[in-house]
Amino acid sequence: MNTASPSLLLRVAGVTSAIAKNIAAYREENGSFKSRADLKKVPKLGPKAFEQCAGFLRISDGSNVLDNTAVHPESYSAAKKLLKLCEVSDDDVRRGNISVLKQRVKTEGTAALAEQLEIGEPTLIDIVSEISKPGRDPREELPKPLLRTDVMGMEDLKAGMELKGTVRNVIDFGAFVDIGVHQDGLVHISQITNRFIKHPSDVLKVGEIVTVWVLSVDVQKKRIALTMKKPD
């Protein structure tokens with residue numbers, strides 16, 4: 001949140017071009033974000049956008065250690081109760097010293113502990129997993145793209161070329177796909193399918209492997225336009 005450029009912020013779920021620019025403008029005017037909650041002060045970033053983007057935007061040096069994890073603010077209350085129950089401090093989390101927490105979960109069982117915290121087992125499992133790795137980039141665990149041996153960089157791409165790629169982000173106007181050339185390509189919403197869709201997320205999800213075809217390549221501007229519509 002405190003270092004990403006507007007173009008990088010644009011790749012976060014729920015962040016539009018206007019919101020990305022407003023986040024950057026907020027930083028310039030008010031200084032670094034102190035918490036994820038400060039996002040709600042950004043113009044045009046409403047409740048829905050906050051719900052979508054908050055778990056992906058991190059603050060590495062904030063006052064709340066959970067702001068540097070993928071634990072969503074909606075689960076902060078349960079996460080704090082869990083840490084207090086296991087006598088794990090914020091400093092312990094920052095240092096990765098949470099063996100006590102893991103042992104407590106193992107001893108009591110996720111079902112019993114989840115009941116104490118009044119949350120579902122999947123939520124508890126996710127919280128423990130994310131607290132275990134503060135600062136982790138969630139993309140590290142996504143499937144690797146299936147690469148062609150004859151495509152090493154953008155200069156090897158040609159219009160009409162068929163490729164396999166991994167969906168890295170889904171935004172309002174399309175999806176960014178990793179095709180293994182160190183620059184994600186954009187599939188515009190109009191190029192995702194022949195049928196009408198309200199939002200790219202109706203069809204695509206992050207981590208999904210898709211087949212795409214190259215529409216155009218601008219090496220100088222580092223832009224790759226892709227389509228998921230099979231050429232005639």
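Which residues are buried in helix α8 (residues 121-131)? The legends below answer this question and then turn to other parts of the chain.

The structure is a predicted model, in which local features need pLDDT of at least 70, side-chain atom pairs count only at pLDDT 80 or more, and totals for chains, interfaces and linings use all residues. Residues are numbered from 1 along each chain as its sequence is written, and side-chain values use heavy atoms, with hydrogens and water left out.

**Figure 1. Helix α8 and its cover.**
In helix α8, the residues L124, I127, V128, E130 and I131 are buried. Here buried means under 20% relative accessible area, exposed means over 50%, and partly exposed lies in between (1.4 Å probe, protein chains only). The cover over the buried residues of α8 includes α4 (76-85), α5 (90-95), α6 (99-108) and α7 (110-117). An α-helix has 3.6 residues a turn, so residues three or four places apart point the same way.

**Figure 2. The chain as a whole.**
Eight helices and five strands make up the secondary structure of the chain. Helices (H or I, at least four residues) and strands (E, at least two) are DSSP runs, numbered from the N terminus. Read from the N terminus, the order of elements is α-α-α-α-α-α-α-α-β-β-β-β-β. The C-alpha trace spans about 60 × 45 × 35 Å along its principal axes. Of the 232 residues in the chain, 45% are buried. Among contacts with a separation of 6 or more, 54% join residues 24 or more positions apart; contact means heavy atoms within 4.5 Å.

**Figure 3. The barrel of strands.**
Five strands form a closed barrel in the order β1-β2-β3-β5-β4, with mixed pairing. Neighbouring strands of this sheet are turned by 50° against each other on average, direction ignored. These angles rest on axes that are lines fitted to C-alpha atoms (for helices over the stretch in contact), and angles run from 0 to 180 degrees between N-to-C directions. Two strands are said to pair if DSSP finds at least two bridges between them.

**Figure 4. Strand β1 and its two partners.**
Eight of the ten residues of β1 are buried, which leaves this strand mostly covered. Strand β1 (residues 162-171) pairs with strand β4 (residues 209-218) in the antiparallel sense over five bridges. In this pairing, E162 stands opposite W213 of β4. β1 also pairs with β2 in the antiparallel sense, over five bridges, and N169 has F176 in β2 as its bridge partner. Two residues link β1 to β2 in a hairpin.

Strand β2 (residues 174-178) pairs with β3 in the antiparallel sense over four bridges, and G174 stands opposite H188. With strand β5 (residues 223-227), β3 pairs in the parallel sense over two bridges; there V187 stands opposite L226.

**Figure 5. Positive phi values in two loops.**
The hairpin of β2 and β3 has six residues between its strands, and G180 in the turn has a positive phi of about 85°. H182 is placed in the loop between β2 and β3. Phi of H182 is near 70°, a positive value in a residue other than glycine. H182 counts as exposed because its relative accessible area is 77%. K222 is found in the loop between β4 and β5, and its phi, near 55°, is likewise positive in a residue other than glycine. K222 counts as exposed because its relative accessibility is 53%.

**Figure 6. S63 in a loop between helices.**
S63 lies in the loop between α3 (47-53) and α4. Because its relative accessibility is 62%, S63 counts as exposed. S63 and K34 are 29 residues apart along the chain, and their C-alpha atoms are separated by 6.8 Å. Leaving aside neighbours within four places in sequence, S63 is in contact with K34, D90 and R94.
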